[in-house]
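Hi everyone, thanks for coming.

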Amino acid sequence: MSKSTEQVLKDRTLLGTPGAGGRAVGSPVIINSERKAVKPEKISEDRIADETELLDNALDELVNEFEGLKSINDEEDVKEVVETQIQLLCDPELKKSILGKITEQRFKAVFAIFSSFNEYIQILENSNTNWLRDRTIDIVSIRDQLIDTVRNKQPDYIKADDGVIFAEELSPTEMIKLSRFKLAGIVTEKGGLTSHVVILAQSLGIPCVIGVDWKPMRPDDFDRIMIDGDVGSVMFDPTDKLVEDVETYNKERLKKQEIALQWASEPDLTECGSSFTIRANIEFVSELPRIKTHGARGIGLLRTETILFEKDGFDIDSQVAFYRQVAEAAGDDPVTIRLFDAGGDKLPENHEEEHNPFLGWRGIRMLLDKPELLRKQYEAILRVSADFKGKLQILVPMISHVQQIQQSRLILEDVKKELKKSGDDFDPEIPFGIMIEVPSIAMMAAEAAQEVDFFSIGTNDLTQYMLAVDRGNSKISNLYQPSHPSVWRVIELVAKAAKKAKIQVSVCGEMASNPLYAACFLGLGIDDLSMTTNSIPAVKEMLCSHSLKEFKEKSNQVLRARTYEEVDSIFQQWKKTLELYHI
Amino acid sequence: MRKKKVTVLNEAGLHARPSSTLVKTASGFKSDLQIEMYGYRVNGKSILGLMTLAAEQGSEMELIVEGPDEDEAIEALIKLFENKFNRE
C-alpha cells in the first residue's frame, strides 16, 4: 500500500515545544547522546568508511600514545605492561570483530568497539582463573580509552556549521562551545522553556525545538533536517519545495525584522513623551554588533560565565580584553557587568554535584568562598574602568542576605586600595549594585537599598524562587508563571523601595522581553529594562506607541489580580486591542 | 603446514606476560599461528584469544603454523614453550 506524500511527510515529522523562533534547513549533528552510555546505534551505508576511519585513527593515536609511554620508561615491568596494552589494541581478531560489526551489522564504531571488547571480557570474567579475571580490569580500561578517543575524533563540533544539533540536553558549557559555529537549529529531548539552551538560542537567533523524542528517528540516517522553531516541528528529509519555502520565509522574515528595526532609531519616549531606557543582555561577543542595530542604550546585563567556562577564564588579562571589547562596543552607553554567576544549571563541568544546585553554592555564595576569583574579577573590571570612567557598573548575583552585600563590597574596596597603592588608574566611583532574584532580599529591599547604588531585578530566578518551581523541569513548567500576581507584587515592592532610597532599579530578566510585561514595568515606575537584543524592536514599538497612563492602568489591574489566570486574562484582553507587528 | 603438540610448563600458566611474549614472537613471523586446545582454536597472534584459553600449568595444546617461514616460526615457538617463555 503506497502512502500519500502528505502521510510520508507526516511520518517524517516530529513535534516538540517551540523554544526559539525561526525556520532553517541543515544536516544532522548528534551531540553527547552517547556520552553516558554506549547505545547500539546504526549507521547508513555511506557512513561505513567514515566509521572505520574513526576506528583506525583512534587505534593509531592510542598505540602512538602507548609507544611514547614505553619509550620514556626504563622500568622493564612498566614496559611489559604497556606492551601488553599495545598488543590488545593491535589484536587482529579484535579488530576483525569490530570491523565486522561496523561493515556488516552497520553499528557505529563506538558500539562496535564496546560490543567486541565485551565479548572477550565476558569470557574472561567467566573464567575460573583468578589472574584472567583480574586482567579484565585492564581490558575494560583499554576499551574505554579507545571509545573516548573515537568520540573525541567524532566531528561533533567540526561539522556543526549549518548543522541541526540533536541532543538529549545541552549544558551551558556545550552551548558556549557550539555558539562558535553557525548553527542551523537545535533540537533537544529535555529542557524547559526557560532553560539556558532556549534563552541562548533566542539570543543567538537559532531556531530551537525542545521536548522532541528524536532518538528513534536516527537523525544520522537523514541528509537534511528542517526545523521550525515557531511551531515546534522537526522534519527529516523535507522535499525541495519545502526547503524552498523556508528560504522564502527567511527572506520575508528578514524584511519584517528590518521594518521592526526602524523602531531602533526612534527616540526612547512613550506616546505621551515620558522617557524610558532599553538595554541589551549580552553574553557573547558575537552579539555585540546588535547593540547598535537593535537600538539598545548600552548593556544592562553582561553575563560573564562564558569567560569562566573558557579555559583561561580566571586569567585577569583575558577578562580585561573581554570587558574592554564590550565597553568599546557599547560606545558612550553604560555597561553593567554581572559577576560570575556560576552554579545551578550553569555549573562548570568540573564541579561536584549538588542535590539542589538552584538552592546551592552559586553566584556570590561561591565567590565569597573563592575570594581569589572575586578579587581577580574586580581587578579586571576596575582596570578597564580606567578608560571608561562613569560607564561601567558592577552587579552582584544571588544576594540573599544583606551581609553578603557588605562582604562583597569590602573586598571591592580592598582591591581598589591595592590598585591605588600600585599606582593603577580606575573609576573610584564605579556603581555597585545587586541582583534582586531571591525573595528574601526582595523582602528586605528597603534595607538592601541603603547598601547599594542600584537594583537589577532578575525575573527568571525570582519567579522560580517565589513559586518554588524549577524552570528547567518540564514536568512542572506549567507552574513556572513569571506573571503570577506574587511576582508582580514583589517587583512592585522592590520598585517602591528603590524609589524611596533614590536608587536606580531595572529589570533584566526575560519578562522584560515581553512587550506587555515591559509596558507594565513602566507602569510600576521601572523605566530601565534590559533584554535579549532580538526582543528590543518589539518592546520598543509597544512602549513608543502607547501612553504611560495606559501602562499604569494595566499594572494597577495586575497588582489587584488574585490569581495567575486573572493576570493572564488581563494581558490576553489587552493584546486583542493592540495592533502590534510582533506580538 | 607444521604442527606440534606442546605443554605449558610455567607454574602460573599462560598468563598475561607469557601470552604477550608468545604474541610478540608469533607476530615476528609472516606465517599464521593457530593454537588448538581442547578442540578450541584461537589465533596465536591475538592476545585476547590466547587469554580466553585460560591455559594453566600442564595444559597441552597444538601449535599449527602455516606460511612462508613456518619452519623457523615453529622452531622459535617450541623453544619458547620449552624455556617457559624466558621466565622462571
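Predicted model: local features only at pLDDT ≥ 70, side-chain atom pairs only at ≥ 80, totals over all residues.

Residues are numbered from 1 along each chain as its sequence is written, and chains are lettered from A and ligands numbered from 1 in the order in which they are written.

Let's begin in chain A with strand β12, residues 392-396. When I say helix or strand, I mean DSSP runs, H or I of at least four residues for helices and E of at least two for strands, numbered from the N terminus. Is β12(A) mostly covered or mostly open? Mostly covered: five of its five residues are buried. Buried means that 20 or more other C-beta atoms, placed from the backbone, lie within 10 Å of the residue's own; exposed means 12 or fewer, and partly exposed is in between. A:Leu392, A:Ile394 and A:Val396 point one way, while A:Gln393 and A:Leu395 point the other.

Now its partners. Strands pair if DSSP finds at least two bridges between them. β11(A), residues 335-338, runs parallel to β12(A) and is joined to it by four bridges, with A:Thr336 opposite A:Gln393. β13(A), residues 432-436, also pairs with β12(A) in the parallel sense, over three bridges, and here A:Ile394 stands opposite A:Phe432.

Next, the core. A nonpolar core is a set of buried Ala, Val, Leu, Ile, Met, Phe, Trp, Tyr and Cys residues joined through C-beta atoms within 7 Å. The largest one has 87 residues, and among those with the most contacts inside it are A:Ile434 and A:Phe521. Helix α19(A), residues 485-500, gives the most to this core, with eight residues. A second, separate core of 48 residues includes A:Leu89, A:Ile102, B:Val23 and B:Ala55.

A:Phe521 is also one of the buried residues of helix α20(A). After the helix comes A:Gly525, whose phi is positive, near 90°.

Over to chain B. Four strands form an open antiparallel sheet there, in the order β1-β4-β2-β3. Why is one side of β1(B) and of β3(B) left without a neighbour in the sheet? Because these strands stand at the edges, each with a single partner strand. β1(B) pairs with β4(B), residues 60-66, over six bridges, and B:Val6 stands opposite B:Met61.

Finally, where do the chains touch? 15 residues of chain B are in contact with 17 residues of chain A, contact meaning that C-beta atoms, placed from the backbone, lie within 7 Å. On the chain B side, α1 (16-27) and α2 (47-53) each supply at least two residues, and α2(B) has the largest share, five. By class, that side has six nonpolar, six polar and three charged residues. Here Ala, Val, Leu, Ile, Met, Phe, Trp, Tyr, Cys and Pro count as nonpolar, Asp, Glu, Lys and Arg as charged, and the others, Gly among them, as polar.

Key
Contact = placed C-beta atoms within 7 Å.
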